[in-house]
Amino acid sequence: MVHLSRVLLTAPRGLSRKTKFLDRIRVYVRGGAGGQGYVRYGGLGGDGGNVVMVAKSNKTLLKLAEDFPEKRFIAKNGADSKRLLLLGDNGEDLVVEVPTGVVLSLDNGKEIADLNADGETVVVAKGGAGGGPNNDFRSKKGETRSIRIDLKLLADVGLVGFPNAGKSTLLCSMSRAKPKVADYPFTTLRPHLGVTVFDDNRRITIADLPGLIEGAHMNIGMGHFFLKHVERTKVLLVVVDAQGFVLNRRSTFRTAFETIVLLNKELEMYKPELLDKPQVLLINKMDTECFNEKYEETLNLLKNCRESMDSIPEELQPNRLFDFKSIIPISASLGENIDTVKQTLRKIIDEENRIDKLPLQNKLNSHIDFHSKELSNTFIV
Ligand SMILES: Nc1nc2c(ncn2[C@@H]2O[C@H](COP(=O)(O)OP(=O)(O)OP(=O)(O)O)[C@@H](O)[C@H]2O)c(=O)[nH]1
Ligand SMILES: [Mg+2]
C-alpha cells in the first residue's frame with residue numbers, strides 16, 4: 001500500500017503544522033428560527049435567516065478558521081409578530097465567505113455543493129418559517145447541519161509520484177513556481193501550483209503534490225490526504241525516477257516499474273475513477289547512469305504489465321492498469337524533453353476540452369480515435 005509522508009501523518013487533520021496549510025475544516029451551521037405568529041390578530045412571524053456560503057478567490061480556509069475559531073455560523077431569528085407590529089421582520093441571512101474551489105459535504109459524505117467560480121453561492125442551512133396560517137401560527141426552527149468544507153485545487157495537470165522522483169524540479173522547469181527541491185524524501189509538504197505559459201499566451205496550471213510512499217504501518221486515513229487535489233485535474237502526470245526508490249535502509253528497494261504499479265494501486269484505492277483521466281508517464285533523470293537500459297527495461301515491463309508484477313504482493317497489484325497516452329523520458333533538472341511534455345499536455349487538454357463539449361455518442365467515438373493517434377516525439381503504449 002502506498003501512503004503519504006510521516007510528517008503529514010502526524011499533523012492534525014487538514015493542517016500541516018510546519019506550513020500552516022489548511023485544506024479541510026468542519027463547521028456548524030444553523031438557520032435562524034422563525035418568529036412567532038400572533039393567532040388572535042392573524043399576525044405573521046418573520047422567517048429565520050439562512051446561512052449562505054459564497055466563494056471568494058482571495059479567501060483561504062486558514063483565514064476562515066482563524067477568524068471564526070469556534071467554527072459556528074448561526075443566522076438571525078425572524079421577529080415575532082406583535083400587537084403593534086403584526087408583520088414580524090425576517091431574520092438576516094448570514095453570509096460566510098469561503099475560498100473558491102471548495103466542495104461542501106455533509107457528515108454522511110453527501111456532497112451538497114461545489115463552489116468553483118468567484119461569487120457562486122449556496123444556502124447551507126435554511127431559516128425556519130415564521131408562524132402564520134400555514135403552520136397554526138407556530139414558527140419553525142432553522143435547519144442545523146455540520147458541513148465539511150474541502151478545498152480541492154483547480155489545476156489542469158496533477159503531478160503524482162514517489163518522493164524524490166523530481167516532481168518539484170519539473171514544476172520549476174515548466175513554470176515560474178519555486179517549490180523547494182532537495183535530495184531527501186518529503187521535501188514537498190503541501191500542494192504548490194505552477195503555470196506553464198506558451199508562446200501564444202495559452203496557460204496550463206500544474207499542481208505539485210507531496211510524494212506518495214509505500215508502508216503498511218502508516219495511518220491509512222491520512223495516506224490519501226492530498227490525492228483529493230488531483231480529482232479535478234484533467235491529466236495525471238506520473239513522474240518516476242528511472243533509478244527506482246528506497247525510503248531508508250530498512251525499506252524494500254522499488255524499481256521504476258514497481259513504483260509505477262504501486263502508484264497505480266494507490267490511485268485505484270483512493271478513487272478508481274481517477275484512472276478515467278488521461279495519464280502521461282515521465283521517466284525522469286535521463287542524465288543518470290545506465291538510464292537507457294533502465295528506460296528500455298521499464299518500457300518492456302509495462303508492455304506486459306500484468307505478467308511483470310511477480311515481485312509485487314498480490315494485494316498491492318491494481319485491478320485496473322494505467323493506460324498511458326504517452327511515455328516520455330526526461331531530465332527535469334537539465335530541462336531535457338520538457339518542451340515535448342508541455343506540447344503533449346496541451347494536446348491532451350485541448351482534446352479533453354473538445355470532448356467535454358461533444359454530445360455523449362461522439363464523446364465515446366472521439367476517445368477511441370484519440371488512442372490510436374500518434375503524438376510527436378513520444379512513445380505510445
Ligand atoms: N540527476 C538528476 N537529478 C534530478 C533530476 N530531477 C530532480 N533531481 C533531483 O532529485 C532530487 C529530488 O527532487 P525533487 O524535485 O525535490 O523531488 P520531488 O518528487 O518533488 O520530491 P518530494 O517533494 O519529496 O516528493 C533533488 O536532489 C533533485 O535535484 C534529474 O532530471 N536528474
Ligand atoms: Mg517535491
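**Exercise 1. Classify the aromatic pairs F162–F245 and F291–Y295 in this predicted model.**

Start with the count: rings pair if their centres lie within 6.5 Å, and the count comes to five aromatic pairs.

Step 1. For F162 and F245, the ring centres are 5.3 Å apart and the planes meet at 70°. Planes over 60 degrees apart count as edge-to-face, so the F162–F245 pair is edge-to-face.

Step 2. Now place these two rings in the chain. F162 belongs to the loop between β12 (157–161) and α3 (167–174), while F245 belongs to the loop between β16 (235–241) and α5 (256–270), so their pairing ties together parts that are 83 residues apart in sequence. Both F162 and F245 are buried.

Step 3. Turn to F291 and Y295: their ring centres are 5.6 Å apart, with planes at 15°. Planes under 30 degrees apart count as stacked, so the F291–Y295 pair is stacked.

Step 4. Check the sequence positions again. F291 and Y295 both lie in helix α6 (residues 291–303), four residues apart, which is about one turn of the helix. Both F291 and Y295 are buried.

**Exercise 2. Find the charged side chains that lie over the ring of F198.**

Step 1. Take the lysine: the charged end of K342 sits over the F198 ring, 6.0 Å from its centre.

Step 2. Then take the arginine: R346 lies over the face of F198, at 4.9 Å from the ring centre.

**Exercise 3. Which protein atoms are donors of the magnesium ion (ligand 2), and where do their residues lie?**

Step 1. The protein donors are OG of S168 and OG1 of T188, lying 1.9 to 2.1 Å from the magnesium ion.

Step 2. S168 is in helix α3 and T188 in the loop between α3 and β13 (192–197), so this pair ties together parts that are 20 residues apart in sequence.

Step 3. As for accessibility, both S168 and T188 are buried.

Terms used:
Residues are numbered from 1 along each chain as its sequence is written. Chains are lettered from A and ligands numbered from 1 in the order in which they are written. This is a predicted model: local features need pLDDT of at least 70, side-chain atom pairs count only at pLDDT 80 or more; totals for chains, interfaces and linings use all residues. Side-chain values use heavy atoms; hydrogens and water are left out. Rings of Phe, Tyr and Trp (its six-membered ring) pair if their centres lie within 6.5 Å; planes under 30 degrees apart count as stacked, over 60 as edge-to-face and the rest as tilted. Buried means under 20% relative accessible area, exposed over 50%, partly exposed in between (1.4 Å probe, protein chains only). A charge sits over a ring if NZ of Lys or CZ of Arg is within 6 Å of the ring centre and within 35 degrees of the ring normal. Donors are N, O and S atoms within 2.8 Å of the metal (3.2 Å for Na, K and Ca); water is not among the atoms, so sites may look incomplete.
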